[in-house]
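Reader: I'd like to learn how to read a protein model feature by feature. Could you walk me through one, giving the general idea before each case?

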Amino acid sequence: MDIIEIENLKHRFSDGTLGLDHINLKIKAGAFVVVAGPNGSGKTTLIRHLNGLLRPTIGSVKVAGVSVQQDLLRARRLVGMMFQDADSQIVGETVYADVAFGPENLRFDHDQIRERVALALEVVGLKDFSDQRPHLLSGGEKRRLAIAGILAMEPKVIVFDEPFASLDYPGVKQVLKQILTLHQAGDTILVITHDLEKVLAHADRLIIMHKGNIVRDGVPAEIIGDIETFGVRAPCASQLGMEVLSWLN
Ligand SMILES: Nc1ncnc2c1ncn2[C@@H]1O[C@H](COP(=O)(O)OP(=O)(O)O)[C@@H](O)[C@H]1O
Ligand SMILES: [Mg+2]
């Protein structure tokens, strides 16, 4: 089943900039997709259509068979997003309040929220930080907090926009582990990143964007050959294999 269906999507910003030119994209439920492409190629613009933060100028975006525009609340429950800047996503006075914010907004009931928040904090290993102020967390902990906020909403699709940017090595490992756990639990994963060597071994599909279009789309090993043409640095061949998998253990 295709959990994401995008047809003939074009997005032009109010100042006239063409953010997306012509996008057709279907993503199967449970897939692990990596999206790469140079700055300004339209990656963030694309994923912002998945939960209605942006609306198509032309075309349609469906999540689990229903148009995003038709039912925004449903789309926001189904698609969780971790934005580029985890700091700007912090909204709560405490770690607990921060994680509870999303489900409260999506109007889940209170008992359900308490359960979900507790479970989400446990999963990302921040249970003991419940009463702490989020701004005191480290970079990696802040991203894990953002992930907990998404988990608490129990989405089916989780989008990570540059999840490794400016993280140190332990931070990258922590975040990557969380992403892999979510994928193993059956979620559909989209990761936007420049750091292909960090995730590509786990992905079953690689999409390259360029100037608002998808210019390559396929099994990573089959398409990495010429992606440098589009300004995307390819990982070295060995990093597509078992070495990266073992690196996590
Ligand atoms: N709010 C906006 N208004 C006008 N142009 C924008 C806006 N947001 C992004 N753009 C432009 O749209 C294009 C795609 O941007 P973006 O999706 O952010 O690229 P990426 O995430 O791949 O770096 C770029 O040319 C960018 O400058
Ligand atoms: Mg971006």
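Author: Happy to! Let's begin with strand pairing: two strands pair if DSSP finds at least two bridges between them, and helices (H or I, at least four residues) and strands (E, at least two) are DSSP runs, numbered from the N terminus. Here, strand 6 and strand 7 pair in the parallel sense over 4 bridges. Before we go on, some ground rules: this is a predicted model, in which local features need pLDDT of at least 70, side-chain atom pairs count only at pLDDT 80 or more, and totals for chains, interfaces and linings use all residues. Residues are numbered from 1 along each chain as its sequence is written, while chains are lettered from A and ligands numbered from 1 in the order in which they are written.

Reader: Thanks. Which residue does Met81 stand opposite in strand 7?

Author: Met81 stands opposite Val159. On to the next pairing: strand 7 also pairs with strand 8 (residues 188-192), in the parallel sense, over 5 bridges. There, Val159 stands opposite Leu190.

Reader: How many residues of strand 7 are buried?

Author: First the cut-offs: a residue is buried if 20 or more other C-beta atoms lie within 10 Å of its own, exposed if 12 or fewer, and partly exposed in between, with C-beta atoms placed from the backbone. By that count, strand 7 is mostly covered, with 4 of its 5 residues buried. Over the 249 residues of the chain, 43% count as buried.

Reader: What should I check on a helix, say helix 5?

Author: Try its length. The expected span of a helix is 1.5 Å times one less than its number of residues. Helix 5 (residues 139-151) has 13 residues and should span 18 Å; its end C-alpha atoms are 19 Å apart, which agrees. Then look at burial: 11 of its 13 residues are buried, among them Leu145, Ile147 and Leu151.

Reader: What do the buried residues of helix 5 pack against?

Author: Packing rests on contacts: two residues are in contact if their C-beta atoms, placed from the backbone, lie within 7 Å. The buried residues of helix 5 pack against strand 6 (79-82), helix 3 (95-105), helix 4 (110-123), strand 7 (157-161) and helix 6 (169-184).

Reader: Backbone angles next. Which residues other than glycine have a positive phi?

Author: Two examples will do. Asn8 has phi near 45° and lies in strand 1 (residues 2-12). Asn8 counts as exposed because it has 11 C-beta neighbours inside 10 Å. Ala64 has phi near 50° and sits in the loop between strand 4 (58-63) and strand 5 (66-67). With 17 C-beta neighbours inside 10 Å, Ala64 counts as partly exposed.

Reader: Which residues are around ligand 1?

Author: A residue is near a molecule or strand if its C-beta atom, placed from the backbone, lies within 6 Å of it. The residues around ligand 1 include Phe13, Asp15, Asn39, Lys43 and Thr44. Helix 1 (residues 43-48) gives the largest share of this shell, 3 residues.

Reader: How many helices and strands does the chain have?

Author: The chain has 9 helices and 10 strands. Its radius of gyration, 18 Å, is close to the 18 Å that the globule rule gives for 249 residues, so the chain is as compact as a globular protein of that length. The radius is taken over C-alpha atoms, and the rule is 2.2 Å times the number of residues to the power 0.38.
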